[in-house]
Amino acid sequence: MKTDIEIAQETVMQPIKEVAMSLGITEDDIELYGKYKAKLSEEYLKKIQGNKEGKLILVTAINPTPAGEGKTTISVGLGDALSRLGKKTVIALREPSLGPCFGVKGGAAGGGYAQVVPMEDINLHFTGDFHAITSANNLLAAILDNHIQQGNELGIDTRQIVWKRCVDMNDRVLRNIVVGLGNKIDGVVREDHFVITVASETMAILCLATDMQDLKNRLSKIIVAYTYEGKPVTAADLNAVGAMAALLKDAIKPNLVQTLEHTPVIIHGGPFANIAHGCNSVRATKAALHLADYVVTEAGFGADLGAEKFLDIKSRVADLHPDAVVLVATIKALKYNGGIAKDELGKENLDALKKGIVNLEKHIENIQKFGVPVVVTLNSFVTDTEKEIEFVEEFCKAKGCEFSLANVWAKGSEGGVDLAEKVLYSIENKESKYAPIYSLDLSIKDKIKTIATEIYGASDVSYTAAASKQIAKLEELGFGNIPVCMAKTQYSLSDDASKLGRPENFTLGVREVYVSAGAGFVVVLTGNIATMPGLPKKPAAYNIDVDENGKITGLF
């Protein structure tokens, strides 16, 4: 069996100029990054703004196993299948982070014969967007510390600095650090912190900004610290906005690549869904909608995280109206949610499947609460049995949603035709009545409770004394009427990764709340979720190498 990278390296890619031409984009409208990657120019993005928008299909998933359930693979395979059926299709995805690439999950460009290429470039440095975001973020941190060193004219309380540095790597030792050690000229000694780049507000801002002016407006609102009087200090107060925007001037442009079957793919931005808002950029999604009749996009991790944020944050901010949701499940993940150990998931076990399918049931119900038609797809594995597949299909039909068995990993678009047809049927015959699940007029605590009870299935929410105080402060500062972005484990509907299936009668614990004023949402930390992940005992990085000809191996 060939590995993902072997399949990708054997494909014959079209020059990106030809992929662009298939959408009516001329060479003058793109900025080339070699033969197979390009950015859409600002001029072109403005030119297509008046185009009629296509249909929007969101791909999400149930709560996954640690290895993930192939959501990107399904997204790519579905896009290719729609193209195979003669539909003008564009796929819009997030850029992968180096954290999981070198950690547990590996890359995020799809898999098997449903991949985006050049996969090595996409999974590694790509067009440099993440480096630009990291640099802009850390420039603001440097300006902040320099301001304090140079006399602290704004009266910043160094105990109330909330801006964190970032790096796009799983590096747990950077979570809590001390800076400014050494001599007087080396800065003021204080506690500091790092987050992974994909959890940074700078990433969120880039992904929600509509253009350069909106980007600068959002950057200016970033709260970096508070004064001794408790007043917020912003990036604008530190005169950092222009330089940050200059670093992001190219990163704000969406990237164009292709699938193995040459379907156009726009990849841009990449916030994690467990600790950030989990969606690719608004600019990428809007550009795709202006270019195609059908757009396939995805939201990270399970529907309790990525889809909820796509529907409550991104769609609300960008005025998007999803027409259908594809909910990805695997037999393995369903059995995992039924309490079966990872090394036993390849064996037929209908009892475990019956126990674990309540997880799928809850996710179906959640998507239906937003008023969007649901298509459930099983990402096929060779270990799946006919009895197991039949059980899931009957369950889905009883829930009133379409069902499809997808085999895109092994067969590419051919293995996704049935899924594509089911999606088209849902769009044509089941009207989407999309609406967010909560009103912005609710208090912060009421928004949190709505998500906790309606989406997670919690019976109540508890707050640390610090979190309650933080919420009161944010509402006093005028941040009570914006969305909330929940930071929570991806492995459970609850805030406890060990509670699989469909947990009930639990209390969601909120330990910290802060505002990402530039992004325009309040971040809520629950459980023991960390905004800087760590590497496992045997990280994927151990298997990655490059030979004397520059050929990369071991990347998956």
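## Helix packing

A crossing of two helices is termed right-handed if the near helix is turned clockwise from the far one by less than a right angle, and left-handed if it is turned anticlockwise. In this predicted model, the crossing of α14 and α15 is right-handed. Helix α14 spans residues 350-369 and helix α15 residues 386-398; their axes come within 11 Å and cross at roughly 35°.

On the α14 side, the contact is made by Leu 350, Leu 353, Lys 354, Ile 357, Leu 360 and Glu 361. Helix α15 contributes Lys 387, Glu 388, Phe 391, Val 392, Phe 395 and Cys 396. Classified by residue type, this contact between α14 and α15 comprises eight nonpolar and four charged residues, with no polar ones.

## Cysteine pairing

With a disulfide taken as a pair of cysteine sulfur atoms within 2.5 Å, the count comes to zero disulfides. Cys 396, one of the α15 residues in the contact with α14, is in no disulfide; its nearest cysteine sulfur belongs to Cys 401, 4.7 Å away. Viewed from Cys 401, the closest cysteine sulfur is that of Cys 396, and because the separation is 4.7 Å, it is too far for a bond.

Are these two cysteines buried or exposed? Cys 396 counts as buried because its relative accessibility is 0%. Cys 401 is also buried, its relative accessible area being 4%; the threshold for this class is under 20%.

## Sheet architecture

Strands of a sheet pair through backbone hydrogen bonds, in either a parallel or an antiparallel manner. An open sheet of four strands has the order β20-β22-β23-β21, with mixed pairing. Its edge strands are β20 (460-463) and β21 (484-487), each of which pairs on one side only. On average, neighbouring strands of this sheet are turned by 40° against each other, direction ignored.

Strands β21 and β23 (residues 521-526) run parallel and are joined by four bridges. Within β23, Val 523 is the bridge partner of Cys 485.

## Helices on the sheet

Helix α18 (residues 444-456) packs on the sheet and touches β20, β21, β22 (507-516) and β23. The direction of α18 makes about 55° with that of β21.

Helix α19 (residues 465-476) lies across β20, β22 and β23. Relative to β22, α19 runs at about 40°.

Technical notes
Residues numbered from 1 in each chain as written. Predicted model: local features only at pLDDT ≥ 70, side-chain atom pairs only at ≥ 80, totals over all residues. Heavy atoms only, no water. Axes fitted to C-alpha atoms, helices over the stretch in contact; angles between N-to-C directions. Helix = DSSP H or I, 4+ residues; strand = E, 2+ residues; numbered from the N terminus. Contact = heavy atoms within 4.5 Å. Nonpolar A, V, L, I, M, F, W, Y, C, P; charged D, E, K, R; others polar. Buried < 20%, exposed > 50% of the residue type's maximum accessible area, 1.4 Å probe, protein only. Pairing = 2+ DSSP bridges.
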